[in-house]
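Please look over the sequence and the coordinates before turning to the points below.

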Amino acid sequence: MAQARTSTRGGDREARIGRTARVRGRVHGEGDLVIEGAVEGDLAIRGDLTVAEGAEVTSSTVEAHEVRIAGALTGDVAASGSVRLSGAARVRGNVRAAAVAIDDGARFSGRLEVEFELPPELGGASRSEGRGRPAARR
Amino acid sequence: MASTVIGAGITVEGEIATDEDVIVGGVVKGKLSAKEGVTIEHGASVEADVASASLVVAGSLIGNVSASERVDLQAGARLVGNVKAARVTIADGAQFKGNVDMDI
């Protein structure tokens with residue numbers, strides 16, 4: 001009773017690795033990706049990445065824009081946007097992002113690098129707008 | 001509703017194995033096996049051996065196919081590889097090069 005549906009909702013459709021799917025290899029490209037199953041390999045997505053609860057990602061590098069993790073992820077994450085670990089997340093690896101949120105219950109082991117500038121009165125370098133005012137950012 | 005969808009902009013280089021079904025809109029290079037149906041959409045490009053219950057090809061597939069039920073090549077499909085399946089349909093306009101074994 002294989003239902004083969006070719007529905008093209010045009011353009012970037014959300015890509016999904018289903019719950020019973022196991023992918024071993026590199027996944028890259030444009031568009032958002034939701035992982036519900038198991039992926040072993042590097043991810044480089046120009047889009048948002050969601051690791052659902054119950055999913056397992058084992059990688060050396062994960063690159064995406066926004067990253068939401070509710071499952072297990074082993075590997076280094078580099079996000080151009082924000083990274084959010086929900087309560088069920090289990091992350092082992094270094095995370096570099098513009099912003100990070102870690103919910104109560106999440107387990108994380110690794111280094112966090114969140115880029116931000118301290119205002120000059122706290123010792124951060126002021127952008128050479130000269131005047132010693134904290135540089136307006138974001 | 002497909003459980004695994006490889007969207008149009010996504011490339012997977014490696015093996016995909018699932019107990020459910022798969023829709024490929026992007027690129028898969030390696031190996032693809034599903035316990036249910038596989039659909040290769042128009043515009044998708046798969047270079048992999050495919051093993052599944054059924055297979056619908058509307059895009060491009062280079063690889064051998066082993067389907068326990070059926071294989072359907074739609075108009076615009078391009079398949080280079082051997083097909084082993086109980087039932088096969090090839091629509092007018094599909095391109096195919098390979099052997100067909102319906103195990104008769």
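The structure is a predicted model, with an ipTM of 0.91 and a pTM of 0.84. Chain A contains 15 strands and zero helices, and strand E2(A) pairs with strand E2 of chain B.

**Confidence**
- The average pLDDT of chain B is 96, and 98% of its residues score at least 70.

**Chain A**
- Of the 138 residues in chain A, 33% are buried.
- Among the contacts in chain A with a separation of 6 or more, 1% join residues 24 or more positions apart.
- Strand E2(A) pairs in the parallel sense with strand E4 of chain A (residues 38-40), over three bridges.
- Within this pairing, Arg22(A) stands opposite Ala38(A) in E4(A).
- Strand E2(A) also pairs in the parallel sense with strand E5 of chain A (residues 43-46), here over four bridges.
- His28(A) has Ala44(A) as its bridge partner in E5(A).

**Contact between chains A and B**
- Chain A contributes 28 residues to the contact, and chain B contributes 32 residues.
- On the side of chain A that touches chain B, strand E1 (15-17) and strand E2 (22-30) each supply at least two residues.
- Strand E2(A) gives the most to that side, with nine residues.
- By residue type, the side of chain A that touches chain B comprises eight nonpolar, 10 polar and 10 charged residues.
- Strand E2(A) and strand E2 of chain B (residues 10-18) are paired in the antiparallel sense over eight bridges.
- Two residues of chain A illustrate the partners in E2(B): Gly25(A) is bridged to Gly14(B), and Gly29(A) stands opposite Ile10(B).

- In soluble globular proteins, nonpolar side chains tend to be buried together.
- The largest nonpolar core in this model has 60 residues, and those with the most contacts inside it are Val28(B), Leu32(B) and Val57(B).
- Strand E6 of chain B (residues 45-57) gives the most to this core, with six residues.
- Apart from its neighbours within four places in sequence, Val28(B) is in contact with Ile6(B), Val12(B), Ile16(B), Val46(B) and Ala48(B).

Conventions
Residues numbered from 1 in each chain as written. Chains lettered and ligands numbered in written order. Predicted model: local features only at pLDDT ≥ 70, side-chain atom pairs only at ≥ 80, totals over all residues. Contact = placed C-beta atoms within 7 Å. Nonpolar A, V, L, I, M, F, W, Y, C, P; charged D, E, K, R; others polar. Pairing = 2+ DSSP bridges. pLDDT = per-residue confidence, 0-100. Buried ≥ 20, exposed ≤ 12 C-beta atoms within 10 Å, placed from the backbone. Core = buried A, V, L, I, M, F, W, Y, C linked by C-beta atoms within 7 Å.
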